[in-house]
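The sequence and the structure are shown first, and the description follows.

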Amino acid sequence: MPLELSLLEILACPACHSSLTEQEAELICTGADCGLAYPVRDGIPVLLVDEARRPA
C-alpha cells in the first residue's frame, strides 16, 4: 500500500536528513553518501537507523 504523497514529502532520513523515495515495501534515502533503506510495515514507515538496511 503506497504512502500518501503529503506524508512522503515531509519525511526525511533520520541519519542524513535527505529526502526519501518509496520503492516496494521500503523508503530509500536519496542521499549520495547514505542510501539507507527503511522498512514499511503495515503501512507504517519504521524510520529507525538500527532497522534500516545498508546499501549493497
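The structure, which is a predicted model, holds zero disulfides. Cys13 takes part in no disulfide, and the nearest cysteine sulfur, that of Cys29, lies 3.8 Å away. Cys34 is likewise in no disulfide; the nearest cysteine sulfur to that of Cys34 belongs to Cys13, at 3.8 Å. In general terms, a disulfide is a covalent bond between the sulfur atoms of two cysteines. With a relative accessibility of 1%, Cys13 counts as buried. Cys34, at 16%, also counts as buried, because the cut-off for that class is under 20% relative accessible area.

The strands form an open sheet of four, in the order β1-β2-β3-β4, with antiparallel pairing. Strand β2 (residues 26-29) runs antiparallel to β1 and is joined to β1 by four bridges. Across this pair, Gln23 stands opposite Glu26 in β2. As a rule, strands of a sheet pair through backbone hydrogen bonds, either parallel or antiparallel.

Glu24 is located in the loop between β1 and β2, and Asp42 in the loop between β3 (37-41) and β4. Neither residue is a glycine, yet phi is positive in Glu24 and in Asp42. Most residues other than glycine have a negative phi. The values are set out below.

| Residue | Phi | Relative accessibility |
|---|---|---|
| Glu24 | near 55 degrees | 81%, exposed |
| Asp42 | about 55 degrees | 79%, exposed |

The helical part of the description concerns Glu9, which is placed in helix α1 (residues 5-10). Glu9 has a relative accessible area of 59% and is therefore exposed, since that class begins over 50%. Glu9 and Thr21 are 12 residues apart along the chain, and their C-alpha atoms are separated by 9.2 Å.

Confidence in the model can be stated for the whole protein and for its elements. The mean pLDDT of the protein is 92, and 98% of its residues reach 70 or more. Among the elements, β2 has the highest mean pLDDT, at 96, whereas α1 has the lowest, at 88.

Methods
Residues numbered from 1 in each chain as written. Predicted model: local features only at pLDDT ≥ 70, side-chain atom pairs only at ≥ 80, totals over all residues. Heavy atoms only, no water. Disulfide = S-S within 2.5 Å. Buried < 20%, exposed > 50% of the residue type's maximum accessible area, 1.4 Å probe, protein only. Pairing = 2+ DSSP bridges. Helix = DSSP H or I, 4+ residues; strand = E, 2+ residues; numbered from the N terminus. pLDDT = per-residue confidence, 0-100.
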